[in-house]
Amino acid sequence: LVAHVLLSKYDDHLPLYRIEQIGARNKVPLPRSNLSAWVGRIGVALEPLCDRLIGHLQQRPCLHADETPVAQLDPKSGKNKQAYLWVYRSNDLEGDPPVVVFDYQTGRSGSHARNFLGAWRGHLMVDDYAGYKKCFADAENAIIELGCMAHARRKFFDLHAANQSPIAARALDWFGLLYQVEREARDVTVDNRAQLRAQHSRVLLAEFHAWLKKTSHTVAEGSAIKKAIDYSLRRWPALVRYAETGNLPIDNNPVENAIRPIAIGRKNWLHYGSERAGHRAAVIHSLLATAN
């Protein structure tokens, strides 16, 4: 019964009052106060499993990271304030079972990511949020940054969708060719993927980079297309690092997919009741996302 309640709340995105109503419709009394107590107690009971999950995650040499805003009830004001779920995910291309961990924090400071990662070192796939930059600051003992190709592509995609920009269309062609290599390399060994990237991706990336630099001089300063091009050029070393190997990811889509259920759920359950409730929910989110 408790497992059913947790899955209904966190996988099917049903707030507790709806679970209570569904139970009543089936002549099963499930008072909301009982449901809330069960969720809280199970969240606490599962914390050791989540700690073990974090230990497994931090043994992986490449991680994805992202964060998403959530609402937390402020008991003093009776209103909601903004908190964040930071999300860390293992890299699918390493061949091990995926691990997803949610870390609930009351802010978006980059210190939360640094505290979670601790002494971990490896490749970290992130977007361009400034909060991650200090993770990469120490050149001798740094975490190595991987840039998300999907974020770079999205800027051109939005421009093309808005005004059919021919420059954006050409950039999308380049991205399409790079992702075609990834589709062909999806189900091959790491060594074969490295070979395909060396034969095709690196050549495409060199040509794409030359085109971006040349095109950058032909568009107006301050224009949307100029900003999209400059974003890719500024992020270029991190964006192309994946192509030097066969085991690093091209984008941050896996962790964005892990976040998607949170975006759906928060429209229904609206907020976490307290910081403590947020931490308990993060434990449950972590175990369910890893199991899924």
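A residue is called buried when its relative accessible area is under 20%, exposed when that area is over 50%, and partly exposed in between, using a 1.4 Å probe and protein chains only. The model is predicted, and local features need a pLDDT of at least 70, side-chain atom pairs count only at pLDDT 80 or more, and totals for chains, interfaces and linings use all residues. Residues are numbered from 1 along each chain as its sequence is written, and side-chain values use heavy atoms, with hydrogens and water left out.

**Exercise 1.** Decide whether Gln164 and Lys27 are buried or exposed.

*Solution.* Begin with Gln164, which lies in the loop between α6 and α7 (166-184) and has a positive phi of about 55° although it is not a glycine. Its relative accessibility is 53%, so Gln164 counts as exposed. With a relative accessible area of 75%, Lys27 is exposed.

**Exercise 2.** Work out how α2 and α3 are oriented to each other, and which residues make their contact.

*Solution.* Helices (H or I, at least four residues) and strands (E, at least two) are DSSP runs, numbered from the N terminus. Helix α2 covers residues 16-25 and helix α3 residues 32-45, and they pack at an angle of about 125° with their axes 9 Å apart. The axes are lines fitted to C-alpha atoms, for helices over the stretch in contact, and angles run from 0 to 180 degrees between N-to-C directions. Angles under 35 degrees count as roughly parallel, over 145 as roughly antiparallel, 65 to 115 as roughly perpendicular and the rest as oblique; α2 and α3 are therefore oblique to each other. On the α2 side the contact (heavy atoms within 4.5 Å) is made by Leu16, Tyr17, Ile19 and Glu20, and on the α3 side by Arg32, Leu35, Ser36 and Val39.

**Exercise 3.** Compare the span of helix α11 with the expected one, and find where α11 bends.

*Solution.* The buried residues of α11 include Ile259, Ile262 and Trp269.

Methods:
The expected span of a helix is 1.5 Å times one less than its number of residues. The bend at a residue is the angle between axes fitted to the seven residues ending there and the seven starting there.
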